[in-house]
Each structure stands twice: as structure tokens, then as C-alpha cells.
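Subject: Structure for your review

Dear colleague,

Please find below the structure that I am handing over to you. My notes on what was found in it follow directly after.

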Amino acid sequence: QVQLVESGGGLVQAGGSLRLSCAASGSIFSINAMGWYRQVPEKQRELVAAIASDESTNYADSVKGRFTVSRDNAKNTVYLQMNSLKPEDTAVYYCAAEVLGYGLESEGYWGQGTQVTVSS
């Protein structure tokens, strides 16, 4: 079993910054893609940013130039640096990871979510 634990959410004023962290633990042989999604009430969860094992990245258009995703493979951790935050960035942010177990099976996992609130 694998657990993803997020931290770093909170309340910030528009224009401010936050850094989210997500650490994976458990039966991990390696981690392929890691990323961040967000969800607001009554809307579908959407991809914010993702980073592959080769460090290639993918961003939602709405966050390009403001958010940066990175990972530390030694710590099985993914980060999301969020700058120039806007009220419309307010959401619950979820970490996701595609994990390769010791049986070489691939499975996706989600974190529990962390609230990010940006006040105007």
C-alpha cells in the first residue's frame, strides 16, 4: 500500500505565494508521473500540473508562468510552487502519483487533499 501526504495549503492574499508538498511512502519501487489536481464544489477535478519521471512537465493554461511543479526522487516527494495567486485558484488541491510496486505493477494513488484559499 502507498500513502500520499500533502502539506502546505492555507489562506493567502491575492498576489501571494504558497508551496505545496506531497510525500509518498509505502511499497514503492519507483514513481512514474506525479502531479497536482484541484477541485471546487460542483466542478470536476482538473489537472493543475504534472511531472514525469524524466522531469518533463505539463501545466494547465490557467497556471502557466505562475506555478512550478518539481520533484525530489530521493524523497518520493512532489512540490507545487504557486506564485501570483488569484482568487480563482481557490480550491482543494490533490496530489496524485503513478507508483510502480515491487511486483512491478503500476497503480495510481491520491492524497487526501489540502485547501488553498486566496482572498481578494
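The side chains of Arg38 and Glu46 make a polar contact of 2.8 Å. A further polar contact, of 3.3 Å, connects the side chain of Arg38 with that of Ser62. Please note that this is a predicted model.

Arg38 belongs to strand 4. With a relative accessibility of 7%, Arg38 counts as buried, because the limit for that class is under 20%. Beyond its neighbours within four places in sequence, Arg38 is in contact with a series of residues, among them Gln44, Arg45, Val48, Val63 and Phe67. The contacts of Arg38 also include Glu88, Asp89, Ala91, Val92 and Tyr93.

Aromatic side chains form a second topic. How many aromatic pairs does the structure hold? There are two. In one of them, the ring centres of Phe29 and Tyr102 are 6.2 Å apart and the planes stand at 75°, so the arrangement is edge-to-face. Phe29 is located in the loop between strand 3 (18-26) and strand 4 (30-39), and Tyr102 in the loop between strand 9 (91-100) and strand 10 (106-110); the pair therefore ties together parts that are 73 residues apart in sequence. Phe29 and Tyr102 are both exposed.

Tyr37 and Trp110 also form an edge-to-face aromatic pair, with 5.0 Å from centre to centre and 65° between the planes. Tyr37 lies in strand 4 and Trp110 in strand 10, so that this pair, too, links distant parts of the chain, 73 residues apart. Tyr37 has a relative accessible area of 25% and is partly exposed. Trp110, at 44% relative accessibility, likewise counts as partly exposed.

Elsewhere, the charged end of Arg19 is placed over the ring of Tyr79, at 4.1 Å from the ring centre.

Finally, a word on Thr57, which is found in strand 6 (residues 57-59). Its relative accessibility of 40% makes Thr57 partly exposed. Not counting residues up to four places away in sequence, Thr57 touches Ala50, Ile51 and Val69. The C-alpha atom of Thr57 is separated by 9.2 Å from that of Gly35, a residue 22 places away along the chain.

With kind regards

Key:
Residues are numbered from 1 along each chain as its sequence is written. This is a predicted model: local features need pLDDT of at least 70, side-chain atom pairs count only at pLDDT 80 or more; totals for chains, interfaces and linings use all residues. Side-chain values use heavy atoms; hydrogens and water are left out. Rings of Phe, Tyr and Trp (its six-membered ring) pair if their centres lie within 6.5 Å; planes under 30 degrees apart count as stacked, over 60 as edge-to-face and the rest as tilted. Helices (H or I, at least four residues) and strands (E, at least two) are DSSP runs, numbered from the N terminus. Buried means under 20% relative accessible area, exposed over 50%, partly exposed in between (1.4 Å probe, protein chains only). A charge sits over a ring if NZ of Lys or CZ of Arg is within 6 Å of the ring centre and within 35 degrees of the ring normal. Contact means heavy atoms within 4.5 Å. A polar contact is a pair of N or O atoms within 3.5 Å; within protein, one must be able to donate a hydrogen and the other to accept it, and residues adjacent in sequence count only if both atoms are side-chain atoms.
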